[in-house]
Amino acid sequence: MAYDKALSDKPVLIPEGIFPDDLDTTALALKVLQPSPTEVTSSILDMMAEYVREDGGFQTYFDRSKDRVDPIVSANILACFYYYNRGHELGRTLDYVRLTLLNRSYIQGTRYYSSPDCCLGFIGRLLRSSSDDHLQATLGSLLESRVRERLGLEGSALDLAMRIITCAQLGVQCERDRRALLDLQCDDGSWEGGWLYQYGRSGVKIGNRAVTTAMAIAALSS
Amino acid sequence: MDFLQAPPRGLVFDLGDVLFTWSANTTTSIPAQKLRAILSTPIWYSYERGEISRDVCYELSAQQFSLPAPEIAEAFAQARESLQPDHAIVSFLRELKKDPSIHVYAMSNIGKEDFEEIATKTDWEIFDRVFTSATVGMRKPELRFYCHVLDHINLAGNQVVFIDDKEENVSGAQAVGIRGFVFGKPTTHMLHEMLNSPAGKGWRYLFQNVKQCSSITDGGIVFVDNFAKLLVADILKDRYVRNFQAPERNAG
């Protein structure tokens, strides 16, 4: 069962080396919490790198008996590696993400991320993690053409916010989506959750109002 | 996208010429310009810091400007009479008072006796706390005064917006990292934009609710979600501890 993202309220990452069982959360925690000393980060990145497959996709769990691979989870892990200037070690993963874009294999969602706009949003986040030329050249224009295909489509506040953020970073105009997002703001200033991710086997969908609101703030500030 | 500025958690206002307007034109023999000059001497500053009483201040000023002390006292009494609160700002602040995530403070260069007199003219309820130069023994633009205020309201400089009519006081605030603005016609509009724009309202929702940051399943189960918490921090490029901590609310 994939309940690892919900590790109660304990610190996700502490110097003793306790970390969540999934690589997606671990990669995010590494980037946000920036543990010190840097050797801690290096050793966790080293450990994560052991879970990449031949085709570049990452195992989602620190458990080789579970073969769960998701291109967006892989993109998120890659973003963490690029953030720490180690993206070049994972050329095959970059290619794996590129193929996902090329083949539009996100269009019905992925195993853990059900919304195409969220998928593109996380790939956009990967592009923002580093100014690396090879990363930008590999994904930049391809992502731009894919996000253009989403312009004006219906979506939840989260879908719209992630679409707008991606558009803004690539210089794509999206006024209609911005207006749609503004229309969805609640009286208390928040935006309704929308589905952020889902559990693989059960398909249980997870939403979070604070995440959607934060995405909307970032979108409207872009 | 690279620059996400959260609205302030604390607003610090000057009183004279911001929250209050007043006139230096009196029926006494002292012209307005001279009255303002009396306000800008080391003698007056000493009174503002609470080092001397108002009577002593008038006496010393009388000597320096070769004026009768009672005339000076009368002129300033009339000036205090002319004080008018700026209703637009006061009603804006009163509205803001409903939001527990944003606090409003006053920070004023003002002598003890003057403050006691104007205290009867003001709705102090709009302020979470008032800092006067006379009470703390420091005056703007001394940097230590700003640091004193930041320490007591428990906020970092970039979480605070400071409004004052004097350029030098604003520069002082900026020197300690406070977002300082010279008061003018656009001030209320600017604050309104910061706090009530769609993004501003979104931030204020997060200020009040991000602590829980619970996720919910499509089956309605609510749970603590580390991934979501981290993602919010990542999106807004802010550390929780810093930007989402609640400032202390202190009375008077």
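## A strand pairing between the chains

In strand S8 of chain B, Thr217(B) is the bridge partner of Ile206(A). This pairing belongs to a predicted model. Strands of a sheet pair through backbone hydrogen bonds, in either a parallel or an antiparallel arrangement.

## Extent of the interface

In the contact between the two chains, 48 residues of chain A meet 30 residues of chain B. The area buried between chain A and chain B is about 3,200 Å², and carbon and sulfur atoms give 69% of it. On the side of chain A, the residues that lose the most area to chain B are Leu28(A), Val32(A) and Ile217(A), which together account for 17% of what that side buries.

## Polar and charged links

Nine residue pairs are in polar contact across the interface of chain A and chain B, with both residues at pLDDT 80 or more. Several elements of chain A each supply at least two residues of the side that touches chain B: helix H1 (23–33), helix H5 (116–128), strand S1 (195–198), strand S2 (205–207) and helix H9 (209–220). Of the elements in chain A, H9(A) gives the most to this side, with nine residues. By residue class, the side of chain A that touches chain B comprises 25 nonpolar, 12 polar and 11 charged residues.

Two salt bridges are also found across the interface of chain A and chain B. A salt bridge joins the side chains of Lys31(A) and Asp234(B), with an N to O distance of 2.6 Å.

## The sheet of chain B

Chain B contains an open sheet of five strands in the order S5-S4-S1-S6-S7, with parallel pairing. Strand S5 (129–132) and strand S7 (179–182) of chain B are the edge strands, each pairing on one side only. Neighbouring strands of this sheet are turned by 20° against each other on average, direction ignored.

Within this sheet, strand S6 (residues 160–164) of chain B pairs with S7(B) in the parallel sense over four bridges. In S7(B), Arg179(B) is the bridge partner of Val161(B).

## Helices across the strands

Two helices of chain B may be described in relation to these strands. Helix H5 of chain B (residues 87–96) lies across strand S1 (10–13) and strand S4 (103–108) of chain B, and runs at about 155° to S1(B). Helix H8 of chain B (residues 143–153) lies across S1, S4, S5 and S6 of chain B, and its direction is at about 160° to S5(B).

Terms used:
Residues numbered from 1 in each chain as written. Chains lettered and ligands numbered in written order. Predicted model: local features only at pLDDT ≥ 70, side-chain atom pairs only at ≥ 80, totals over all residues. Heavy atoms only, no water. Contact = heavy atoms within 4.5 Å. Buried area = accessible area lost by both parts, 1.4 Å probe. Salt bridge = Lys/Arg side-chain N within 4 Å of Asp/Glu carboxyl O. Polar contact = N/O pair within 3.5 Å; in protein donor to acceptor, adjacent residues only side chain to side chain. Nonpolar A, V, L, I, M, F, W, Y, C, P; charged D, E, K, R; others polar. Pairing = 2+ DSSP bridges. Axes fitted to C-alpha atoms, helices over the stretch in contact; angles between N-to-C directions.
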